[in-house]
Amino acid sequence: MTEVPTITLNNGVTIPQLGFGVYQITPEDAKQATLDALEVGYRHIDTAEMYRNEKQVGEAVAASGIDRAEIFVTSKLNNG
């Protein structure tokens, strides 16, 4: 397996530089797509409030069986 580059945060934690983006994945498909991404090795999931699939991403993280401390979820808020 190829090593994914990481970025070291100010607190010393390293986050995978490459994340699985769920933009344009419908809420109906987001849980399974996220589970599939986690199964193949992704540990960084990128979502946003405007994608309307954050709930399903969270459900996938919870259902994955992977220690939550190993998974990074980055999200963005709408400007409003």
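This is a predicted model: local features need pLDDT of at least 70, side-chain atom pairs count only at pLDDT 80 or more; totals for chains, interfaces and linings use all residues.

Biologist: OK, so where does I7 fall, buried, exposed or partly exposed?

Modeller: I7 has a relative accessible area of 40%, so it counts as partly exposed. It lies in strand β1, residues 6-8.

Biologist: Which residues make the nonpolar surface patch?

Modeller: I7 is one of them, together with L9 and V13, and the patch is about 210 Å².

Biologist: Switching to α1. Which residues are buried there?

Modeller: A30, A33, T34, A37 and L38. They sit on the same side of α1, because they cover an arc of only 135° around the axis.

Biologist: What do they pack against?

Modeller: The buried residues of α1 pack against β3 (20-21), β4 (44-46) and α2 (54-63). On the face turned away from that buried side you find the exposed residues E28 and E39.

Biologist: And how far does α1 reach?

Modeller: From first C-alpha to last, 19 Å over 13 residues (27-39), close to the 18 Å expected. After α1 comes G41, with a positive phi near 120°.

Biologist: What about Q56, buried or exposed?

Modeller: Q56 is in helix α2, and it's buried, since its relative accessible area is 16%.

Biologist: Which residues does Q56 touch?

Modeller: Leaving out residues up to four places away in sequence, Q56 touches P27, A30 and K31.

How values were computed: Residues are numbered from 1 along each chain as its sequence is written. Side-chain values use heavy atoms; hydrogens and water are left out. Helices (H or I, at least four residues) and strands (E, at least two) are DSSP runs, numbered from the N terminus. The expected span of a helix is 1.5 Å times one less than its number of residues. Buried means under 20% relative accessible area, exposed over 50%, partly exposed in between (1.4 Å probe, protein chains only). The arc is that of the directions from the helix axis to the C-beta atoms. Contact means heavy atoms within 4.5 Å. Patches are made of residues with over 30% relative accessible area and no salt bridge: like charges are joined within 9 Å, nonpolar side chains (Val, Leu, Ile, Met, Phe, Trp, Tyr) within 5 Å. Accessible areas come from the Shrake-Rupley method with a 1.4 Å probe; for residues, only the protein chains shown count as cover. A salt bridge is a side-chain nitrogen of Lys or Arg within 4 Å of a carboxyl oxygen of Asp or Glu.
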